[in-house]
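Walk through this model one region at a time. Keep the sequence and the 3D view side by side.

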Amino acid sequence: MCAKRFAFVMKDLFGGGAEKSLLYTADELRKRGNIVRFYIMRDVIEQTIPAGLEVVNLGIHNQWTRAFNMPWIEKWQARQLEKAFAEFKPDTVFSCSADKITRHVRHPNLYFMIKGNVTSSPMSEEARRKRYAKDHEFYDGRKIITVSHGLLDDLLHIVGLEPSFARTIYEPYDPEMFKAFADEPTEFPVPEFILSLGTLEPRKRHDRLLRAYAASGVTTPLIIMGKGKPEDHQRIEKAIDDNGVRDRVLMMDFTTNPYPYIQRAKFLVLASDAEGLPRVLVESLMLKTPLVSVDCPSGPRETLLYELQNYLVPMTDEAAFADAIARMDREPVVIDERYLAPFRPETVMPEYEAL
């Protein structure tokens, strides 16, 4: 197959899962012989950029553009992107978390990659109406790609989007790459632990996790690792004390390489209200670490397959969550190749190349 030219666009490379996922997707396309360029709009880079992947900071999102947060600024930023594309000449453009600007970009093969699920996020009816209206403004008549089938179903049937093209394509995960990161020398605060990994925002429901953990009666320590605002830390610290588990719970700051912790963990837990396809769940499978998760929309149901289905619990059933934690602690599930196959690069990259 002839090499294609792919452009990726994000606002920046903040230390989140969406940014990490898009970098790896771009790099997998590059490693398959395609020509790839990754554009960001401001100089915020908290991710490890894969060797050989070209990242270009256009510098078009700054204090000045934020001060004049108006449609004509968005259109000016979009024109700068179009100038960059005119020079690079991409066959396909992927936009993620930059859609407020890229919706103004004119390119015949522009895809909007949607990774987050808002249909189950807590918000007022007025806020929900405005959010859904914005989604219609951005994506109706456009080409969209989602990271999970559950997310696409919600967008089409709950939000009611009417895109011109819609498809779910999983993100690529290379087990060998994660294993290399996971094998880096690391000192752990305790020899055995359960891991909760992700941002500390309220949507991740650490309150639910801590209640279930306390009710489970397990003595294996729980490490909560993530990045958040001071008020997020305070809220979780209070929940730790309220549930009487101060002696068994450790809070750790975000690290650019959490993979040694994922690999060492006895199992990983997720308690969120809403996700797209939680990257951390698939990364855990790549490192043969089992999972316990609530059945939030969307993604966990597409990740916890085979024996792990017994550890996917209703969001509102904290007793079942506690029981799943206790059962996994007693006898962790062994992860084999069946769990990894749907997410391997050789499975998913041809779908991106066919767009």
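Leave out neighbours within four places in sequence, and Leu195 is in contact (heavy atoms within 4.5 Å) with Leu222, Ile223, Met225, Tyr261, Ile262, Ala265, Phe267, Leu268 and Val269. The model is predicted: local features need pLDDT of at least 70, side-chain atom pairs count only at pLDDT 80 or more, and totals for chains, interfaces and linings use all residues. Residues are numbered from 1 along each chain as its sequence is written, and side-chain values use heavy atoms, with hydrogens and water left out.

Leu195 also stands out in the largest nonpolar core, which has 112 residues. Such a core is a set of buried Ala, Val, Leu, Ile, Met, Phe, Trp, Tyr and Cys residues joined through side-chain atoms within 4.5 Å. Buried means under 20% relative accessible area, exposed over 50%, and partly exposed in between (1.4 Å probe, protein chains only). Phe38, Phe94, Leu195 and Leu308 touch the most other members of the core. Helix α13 (residues 318-330) gives this core its largest share, 6 residues. Helices (H or I, at least four residues) and strands (E, at least two) are DSSP runs, numbered from the N terminus.

Now take strand β9 (residues 222-226). Why is β9 largely enclosed by the rest of the structure? The reason is that 5 of its 5 residues are buried. Leu222, Ile224 and Gly226 point one way from β9, and Ile223 and Met225 the other way. In a regular strand the side chains alternate between the two faces of the sheet. Strand β8 (residues 194-197) runs parallel to β9, joined to β9 by 4 bridges. Strands pair if DSSP finds at least two bridges between them. Leu197 stands opposite Met225 in β9.

Turn next to the open sheet. Its 7 strands pair in parallel, in the order β3-β2-β1-β4-β5-β6-β7. β3 (54-57) and β7 (165-168) stand at the edges with a single partner strand each, so one side of each has no neighbour in the sheet. From one strand to the next, the twist averages 25°. Strand β2 (residues 35-40) and β3 run parallel and share 4 bridges. Tyr39 stands opposite Val56 in β3. Helix α3 (residues 71-88) lies across β1 (5-10), β2 and β4 (92-95), at about 165° to β2. Axes here are lines fitted to C-alpha atoms, for helices over the stretch in contact; angles run from 0 to 180 degrees between N-to-C directions.

Charges come next. The whole structure holds 39 salt bridges, each a side-chain nitrogen of Lys or Arg within 4 Å of a carboxyl oxygen of Asp or Glu. Lys238 and Asp242 form one, with the closest N and O atoms 2.8 Å apart. Both lie in helix α9 (residues 230-242), 4 residues apart, about one turn of the helix. Lys238 is exposed, and so is Asp242. Salt bridges that share partners join Arg205, Asp207, Arg208, Arg211, Asp273 and Glu318 into one network. Glu126 meets Lys130 in a salt bridge at 4.0 Å, N to O. These two are 4 residues apart in helix α5 (residues 125-139), so about one helical turn separates them. Glu126, at 38% relative accessibility, is partly exposed.

Finish at Glu19 in helix α1 (residues 17-31). Glu19 is buried yet has no salt bridge. The nearest side chain of opposite charge, Lys11, is 7.8 Å away; Lys and Arg count as positive, Asp and Glu as negative, and His and the chain ends are not counted.
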